[in-house]
Amino acid sequence: MAKSTETSRKRQRVERRRLRQPTEDFMSRQTMMTRSRTRSTMQQPSSSTQTAVVEPKESYASDYSASSNEMHSDTLDGDKNNHPNNKGREKEEPHQSDAELAERHICLLESDQDIITKLKHMFSDPCILAHSFPQTDPERKANCPVDILDAQKAYSHISQSGSKKVLDELRQLSIGMIAMMNADPCSEHDDLVNAVLILLVSPRITEYLQDDGVPVFPELCSIILGQPPAQRTALMRYFAAGSGSLSSVTVNTSIEVTDEAAHSQPWAGVHAKLPVTDEFLRSNSDERASFTWFVGIFQQYISQEMEKAAQRVAQTSAPSEGTMQKVSLHAVGGSSLGLAAQCLALANGYNNTNALVPYSVFYNAAVNEHIDIKEEVPRFRMPEGVSFCSYPFLLSPTTKSEIIRIESVILMRTELQDSFFRAMFSGVTCPYLVLEVRRDSLVRDTLYQLDLKLNQDLRKQLKVRFVGEEGVDEGGVQKEFFQLIVRDVFSPKYGIFRASESSHYHWFRPQAESSQDTLEEIRLTGQLIGLAVYNAVILDIHLPPAIYKKLLGVPVTRDDLRQVDPALHHGLTQLLHLSPDELAFLERTFVAEYDDLGELCTQELISGGAQTQLTADNRELFIDSYVEFVFNTSCERQFAEFKSGFDQICGASYVRFMRPQELELLVCGCSDLDFAALERSTIYDGGYTKSTVVIQNFWHIVRQFSDDLKRKLLFFATSSDRVPIGGLSKLHFVIAKNGGDSDRLPTSHTCFNVLLLPEYTTVEKLRERLLTAIHNSEGFGMI
């Protein structure tokens with residue numbers, strides 16, 4: 001009886017709202033907005049990483065409404081008398097009653113008065129707005145109760161047919177509705193979510209300002225964040241429901257975007273599209289495009305606020321040619337922008353689970369261009385700090401690597417200062433982590449010296465000296481040290497890792513009993529990778545994506561086995577296609593076989609596996625158990641030591657907020673040898689310019705090099721043949737004049753990426769001298 005009474009009261013409450021006069025005074029709603037403008041405190045999103053996802057399909061065309069270009073053209077603000085659809089409107093249609101208008105679709109109305117009256121009725125209550133565009137397709141209704149495409153058509157009709165008066169009224173009504181939802185929310189959470197969805201479809205919702213000039217969009221974000229978890233999840237599901245033609249509504253933005261942004265953010269420009277794969281085109285493209293479009297709404301707001309903040313900074317600071325204006329989240333307005341970022345965090349979390357779009361869709365070009373990392377990192381380390389670093393999904397790998405570099409510099413500086421203070425009271429201590437090693441005993445010398453170091457010593461800046469050589473380490477010596485030692489550690493003579501003959505990836509060698517020496521060498525490998533990251537050195541190693549997943553706590557899958565052991569992956573996949581008779585013929589049990597330094601060993605995959613026959617009913621269990629054996633059981637102790645060594649250096653750094661793919665880029669760099677980008681970004685010194693004859697000859701020769709020779713040239717000039725994150729354009733490469741024509745070989749300051757090039761008079765001599773130098777580039781001396 002009590003439940004029936006409560007239901008009756010709800011119905012009466014909704015009915016009273018429906019009977020409100022559409023001409024209700026909306027100034028009271030503005031008062032509500034002022035009272036309810038409470039900003040949610042920033043919350044740091046989960047640092048959980050994502051699995052790799054497939055690429056999204058490009059947008060598809062609408063068969064009904066005009067594109068967003070038309071929706072956001074100058075006619076939006078044009079005078080009603082100049083609108084082509086307003087010709088002959090001197091004789092307005094007879095005014096229809098409110099009851100008649102309530103029953104008619106807004107797209108069927110022509111006069112401004114009728115459209116405004118209809119809008120006032122729709123926006124008189126959240127519950128009424130929530131049911132203004134009901135989904136009638138039973139199949140689509142199961143995914144989303146709102147006909148998003150119908151709502152888009154309505155907004156398009158208003159933009160094309162209405163005057164400035166109508167558009168101003170729509171803005172006021174939207175602001176009033178958001179105020180009403182904040183101050184007096186609808187009794188049904190589902191109705192509130194539906195109303196939010198309809199408001200988000202409004203093409204200028206991110207641009208609406210309240211009377212005091214404050215954007216209203218953060219208030220809408222606050223409503224989303226204030227919903228119960230079930231309703232927030234439902235809204236994310238509605239984002240991915242698809243509409244049949246939502247992609248025709250491109251998000252309006254006046255922000256000029258770079259090529260990089262256009263490729264990674266389909267919402268950033270009208271014609272910008274993400275690259276797609278055939279597999280993506282065949283699977284649920286409508287859902288992916290719809291989800292990307294809604295994500296773009298929040299991205300657009302963040303981008304436009306960042307651009308505004310950058311412009312404000314530019315007006316108050318001295319111009320600096322060729323540099324971007326840097327701003328912090330605190331300067332932009334942490335609370336308001338943080339609300340939009342938190343909504344994106346919800347979408348990002350939903351995408352983690354459902355793998356709808358590539359994670360690059362969440363990168364924000366404006367944030368990555370203008371973020372003031374030097375200010376953001378210290379704020380992020382504060383307990384209540386307001387920082388873009390709290391939203392790692394917005395940040396590109398290049399930005400994250402810069403954050404890690406700044407973190408390392410701060411820690412190195414702290415340790416340097418502490419060393420001086422300790423020297424004053426307890427004797428002289430070395431302010432650096434110094435390793436003195438012999439080239440013919442790199443692993444043994446390094447293992448012995450690192451084993452003697454304290455944890456605080458490992459956070460000092462690394463300095464390497466090769467015994468018997470005069471080179472001073474300003475960065476170049478340590479780069480060669482890392483290249484040489486990882487080559488030794490991963491070589492077959494140590495037997496720590498085994499390499500796949502087809503994929504060339506290294507994985508831990510299964511061993512029944514690992515010796516203490518072997519475990520120490522594995523821990524050393526983890527320490528070396530951590531030290532390389534900490535000291536911003538890129539390594540030439542070939543570890544599969546699975547190892548970066550495990551380092552970040554991301555579960556591995558069957559597909560990860562493809563890189564570790566392609567033959568085993570193929571064999572296990574084939575089991576899914578065999579008939580029961582064929583499986584019985586194999587006479588296979590739940591036992592794994594592996595080679596332990598020439599000895600064939602076996603291990604049960606499950607308890608009693610030797611007596612469990614492989615059948616059609618349990619083959620899924622067999623495959624999952626074998627994958628578990630390869631990635632976990634067979635290398636449990638080895639990986640634990642490896643991770644312990646890595647975490648000893650990087651466990652508390654921003655690395656933990658990276659995705660596995662980003663961590664791989666951080667460790668190994670890019671694979672793209674774009675020497676054209678390097679040529680464009682190279683700096684010339686000592687009298688050389690890009691038009692100098694010897695420089696033009698140099699690049700002419702380099703363009704003809706094979707990839708192998710290009711890598712050798714990189715190694716000669718920088719002590720590393722790896723490409724940094726962001727490509728060769730991010731490499732600070734200098735070519736300096738080293739005297740006139742002579743028989744001297746080119747030399748380099750690898751610590752500073754400087755190539756010293758004599759002014760050779762002929763192309764042939766330049767080619768011969770350069771090839772001789774890069775083929776004999778190992779070792780250091782004083783110049």
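Colleague: What are the mean pLDDT of the chain and the share of residues that reach 70 or more?

Modeller: In this predicted model, the mean pLDDT of the chain is 78, and 77% of its residues reach 70 or more.

Colleague: Which elements of the chain have the lowest and the highest mean pLDDT?

Modeller: Helix α3 (residues 68–71) has the lowest, at 34, and helix α25 (residues 545–551) the highest, at 95.

Colleague: Where does pLDDT stay under 50?

Modeller: Residues 13–96 form one such stretch, with 202 contacts beyond four places in sequence in the model. Residues 245–283 form another, with 98 contacts of that kind. Where pLDDT is low, the predicted coordinates should not be read in detail.

Colleague: Why is V467 called partly exposed?

Modeller: The relative accessible area of V467 is 46%. Buried requires under 20% and exposed over 50%, so V467, lying in between, is partly exposed.

Colleague: Where is V467 placed, and which residues does V467 touch?

Modeller: V467 belongs to the loop between β2 (462–466) and α23 (476–489). Not counting residues up to four places away in sequence, V467 touches E436, V437 and R438. From C-alpha to C-alpha, V467 and R438 are 5.4 Å apart, although 29 residues separate them in sequence.

Colleague: How do you know that strands β5 and β6 pair?

Modeller: Pairing requires at least two bridges. Strand β5 (residues 591–596) and strand β6 (residues 599–604) have six, in the antiparallel sense, and therefore count as paired. V591 stands opposite E604 in β6. The hairpin of β5 and β6 has two residues between the strands, and L597 there takes a positive phi near 55 degrees.

Terms used. Residues numbered from 1 in each chain as written. Predicted model: local features only at pLDDT ≥ 70, side-chain atom pairs only at ≥ 80, totals over all residues. Heavy atoms only, no water. Helix = DSSP H or I, 4+ residues; strand = E, 2+ residues; numbered from the N terminus. Buried < 20%, exposed > 50% of the residue type's maximum accessible area, 1.4 Å probe, protein only. Contact = heavy atoms within 4.5 Å. pLDDT = per-residue confidence, 0-100.
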